Amino acid sequence: MRAIRERCVWSQRITHDDLVPYLVEESAELIDAVETGTRADLREELGDLLWQVLFHAAVAADDADDPFDIDDVAAVLVEKMVRRHPHVFGDAVATTPEDVLVHWNAAKAAEKSDRRSVLDGVSAHMPSLALAQKLLGRAAALPARVAITSPADGAAGDLQAGSEDELGERLLALVGSARANGWDAERALRSAIRRLESDIRTAEQTG
């Protein structure tokens, strides 16, 4: 990476922003390899995604104001993983996956103690469907006194699915319905997400 950064005129001019489209693309290709690819595909796509991490770290190392390199990235990661696994590196006990999650969430909450909303830290760049699921999960974690009604409670009706495969078919059918009516399914979901975000913030403020 260092040699390419120093000797490749294309790589020399690349910034973090320039790399974002490649990061998105390589992440998508890795997902494809996990879900439908071969072991060779998985190995290759993991390498391509790792390259993006190395590239970003190399760009960061050249920053005049606040440089850091891949070793700094790894050190921060190690520190975080040790902190979030007290049952592995400390005296805490976790005998079930649920126990592990308790420790993980407690450590994460302590790290993010300056956050004032359950929406803080949720990236708006997530795909809309994944973002909707994330926000509904955050809303479900609100105390009962400020809990909001999930859109699914009143809008799902007979769309309840009995399995993940059936859910996929129902979602695909909804997209087909949107197309037949000339609606933009992505825009419709983003609008519903914005309403959900507004409801969550209102619930937090009035709670």
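Two residues are in contact here when they have heavy atoms within 4.5 Å of each other. On that basis, among contacts between residues at least 6 apart in sequence, 47% join residues at least 24 apart. The mean pLDDT of the protein is 87, and 91% of the residues reach at least 70. Helix α4, residues 39-61, has the highest confidence, at a mean of 97, while helix α9, residues 151-155, has the lowest, at 53. Where pLDDT is low, the predicted coordinates should not be read in detail.

Turning to the overall fold, the protein has eleven helices and zero strands, and its pattern along the sequence reads α-α-α-α-α-α-α-α-α-α-α. The radius of gyration is 22 Å, whereas the globule rule gives 17 Å for 207 residues, so the protein is more spread out than a compact globule. Along the principal axes, the C-alpha atoms fill a box of roughly 60 × 50 × 35 Å. Of the 207 residues, 18% are buried.

Two residues give a view of how separate parts of the chain meet. Leu49 lies in helix α4, the helix with the highest confidence. Beyond its neighbours within four places in sequence, Leu49 is in contact with Leu23, Glu26, Ser27 and Leu30. Ala203 counts as buried because its relative accessible area, 10%, falls under the 20% cut-off. Between Ala203 and Ala139 there are 64 residues of sequence separation, yet the C-alpha to C-alpha distance is 9.5 Å.

A look at the open spaces brings in another part of the protein. Rolling a probe the size of a water molecule over the atoms shows where empty space is left. The second largest pocket holds about 380 Å³. Its lining comprises 13 residues, of which Asn105, Lys108, Arg115, Val118 and Arg138 are the closest to the pocket centre. Helices α7 (97-111) and α8 (128-140) are the elements that each give two or more residues to this lining, and α7 provides the largest share, with four. By residue class, the lining of the second largest pocket has seven charged, four nonpolar and two polar members.

Note on methods:
Residues are numbered from 1 along each chain as its sequence is written. This is a predicted model: local features need pLDDT of at least 70, side-chain atom pairs count only at pLDDT 80 or more; totals for chains, interfaces and linings use all residues. Side-chain values use heavy atoms; hydrogens and water are left out. pLDDT is the predictor's confidence in each residue, from 0 to 100. On a 1 Å grid over the protein atoms alone, a cavity is a set of points where a 1.4 Å probe fits but cannot get out, and a pocket is an open set with protein on both sides within 12 Å along at least five of seven lines; lining residues have an atom within 4 Å of a point. Grid points are joined across faces, edges and corners, and a volume is the space filled by probe spheres set on the points. Ala, Val, Leu, Ile, Met, Phe, Trp, Tyr, Cys and Pro count as nonpolar, Asp, Glu, Lys and Arg as charged, and the others, Gly among them, as polar. Buried means under 20% relative accessible area, exposed over 50%, partly exposed in between (1.4 Å probe, protein chains only). The radius of gyration is taken over C-alpha atoms; the globule rule is 2.2 Å times the number of residues to the power 0.38.
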